[in-house]
Amino acid sequence: MAIISESRMFGDIFKELRLEKNLSQDKIAIELDVSQGLIAKWENHQSTPAPEMLDYIADYFNVSTDYLIGRTTMKSNPLDKMKQLEQYKILLDSDPILKDAHKEFIMDFLTEQHKEIDKKINKE
């Protein structure tokens, strides 16, 4: 996992993610069910969210909490990808019509797609 060499704080990362989605402070406040003033405090390093809210924000932006707090440059946790691929496999295995060769082909395809998505995300 890539560790950030420069110190980045939650407020900076949060603001960056908000702007990537073209959201105003007012809009993200509505989305997260908090006040616009609290969003401003986060972005100005005057406050940080509670752990439960941090989890909610990570889910909202589809990033890891480690990314949100500046512990890593990787937006998502590689273990999350593995869990998702395991879920795909369970789904495919439950289909009685698909042959094993087809299931293997689909899993290989999905794995490669995840790798391509990760490459694109890490370039941004």
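Is Phe-61 buried or exposed? Here are some notes to get you started.

1. Phe-61 counts as buried, because its relative accessibility is 8% and the cut-off for buried is under 20%. Keep in mind that this is a predicted model.

2. Now for the rings. A pair of aromatic rings is described by the distance of the centres and the angle of the planes. The structure has five aromatic pairs. One of them joins Tyr-60 to Phe-61, with 5.0 Å from centre to centre. Their planes are at 90° to each other, so the pair is edge-to-face, as angles over 60 degrees are.

3. If you colour the aromatics, look for a cluster: Phe-10, Phe-14, Trp-42, Tyr-60 and Phe-61 are linked by ring pairs.

4. Lys-21 places its charged end over the Tyr-60 ring, at 5.3 Å from the ring centre.

5. Then there's Ala-29, which belongs to helix H2, spanning residues 25-32. Ala-29 counts as buried because its relative accessibility is 4%, and the limit for buried is under 20%.

6. What does Ala-29 contact, leaving aside its neighbours within four places in sequence? The list is Val-34, Ser-35, Gln-36 and Ile-39. Ile-39 is ten residues from Ala-29 along the chain, and the C-alpha atoms of the two are 6.5 Å apart.

Conventions:
Residues are numbered from 1 along each chain as its sequence is written. This is a predicted model: local features need pLDDT of at least 70, side-chain atom pairs count only at pLDDT 80 or more; totals for chains, interfaces and linings use all residues. Side-chain values use heavy atoms; hydrogens and water are left out. Rings of Phe, Tyr and Trp (its six-membered ring) pair if their centres lie within 6.5 Å; planes under 30 degrees apart count as stacked, over 60 as edge-to-face and the rest as tilted. Buried means under 20% relative accessible area, exposed over 50%, partly exposed in between (1.4 Å probe, protein chains only). A charge sits over a ring if NZ of Lys or CZ of Arg is within 6 Å of the ring centre and within 35 degrees of the ring normal. Helices (H or I, at least four residues) and strands (E, at least two) are DSSP runs, numbered from the N terminus. Contact means heavy atoms within 4.5 Å.
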